[in-house]
Amino acid sequence: EIRNGMLGEGFSSKFSPWLALGCMSPRRINKEVQRYESERVKNKSTYWLIFELEWRDFFVYMAKTQGDKIFYKGGVVGDKAPWKNPKGALQKWKDGKTGDPLVDANMRELAATGFMSNRGRQNVASYLIFNLEVDWRHGAAHFEEHLLDYDPCSNWGNWVAAAGLTGQRINKFNTKKQLNDYDPERRYVRHWLDESKNDAGSTDMDVDEEGSSSTGRRWAPKHASREEEEKGKGKGKG
């Protein structure tokens, strides 16, 4: 119920740094979750915890099978299209001064704490890749430098997948809609942006979802967006 939260310490397990450093075993977590479900309750939180562990395993196996391809500009599929890399765009993204409230808040949280929520990571990656059209490897390298839970397979695997370079579906996030959906009261963005609202590159908390998505040359309309995918969840057949 709280996995989409971004502010505070209670919305995620915070196991990732311990897993990344080998201080905690994913098998131990899985066993404890199963015990919790049998003794107390099985709910969405326990489901998603195991789901994310399985997703972590997926990237381990992808790295084993694809090798160095997860570090290449063209990714697993060997894409040859050039990146625009607009001057100054990468640095603004790193500094949290793009003008997009959700992106900027998440990037400033990363710089200050070494942590970013799962939802935040997906949004800032999508923005760098599809809105700014910056080579995805710069984003992966920045995360490698700052994340407390850095893991090569999870980090580079997620980034190459976010860039649509694994042969899987492409998810482009509408960061304005994501902000309205998951931080409607602006508690998260105000926490990280209010103290610097007079800085250059400050953001407007009131955002309009219309026209917020770039149509950069790497966005393939035939692939569903994350918002379209989420609308379809929970709809059974017949």
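Author: A residue is buried under 20% relative accessible area, exposed over 50% and partly exposed in between (1.4 Å probe, protein chains only). This is a predicted model, in which local features need pLDDT of at least 70 and side-chain atom pairs pLDDT 80 or more, while totals for chains, interfaces and linings use all residues. Residues are numbered from 1 along each chain as its sequence is written, and side-chain values use heavy atoms, without hydrogens and water.

Reader: Is Phe 51 buried, exposed or partly exposed?

Author: Phe 51 lies in helix α3, residues 44-66; helices are DSSP runs of H or I, at least four residues, numbered from the N terminus. Its relative accessible area is 30%, so Phe 51 counts as partly exposed.

Reader: How many helices does the protein chain have?

Author: The pattern along the sequence is α-α-α-α-α-α-α-α-α-α-α. There are zero strands (E runs of at least two residues). The number of helices is eleven.

Reader: What share of the contacts in the protein chain with a separation of 6 or more joins residues 24 or more positions apart?

Author: A contact means heavy atoms within 4.5 Å. Among contacts with a separation of 6 or more, the share from residues 24 or more positions apart is 73%.

Reader: Is Cys 153 buried or exposed?

Author: The structure holds zero disulfides (pairs of cysteine sulfur atoms within 2.5 Å). Cys 23 has 53% relative accessibility and therefore counts as exposed. Cys 153 has a relative accessible area of 19%, so this residue is buried.

Reader: What percentage of the 238 residues of the protein chain is buried?

Author: The accessible surface of the protein chain is about 13,400 Å² (Shrake-Rupley method, 1.4 Å probe). Carbon and sulfur atoms hold 50% of that surface. Of the 238 residues, the buried share is 42%.
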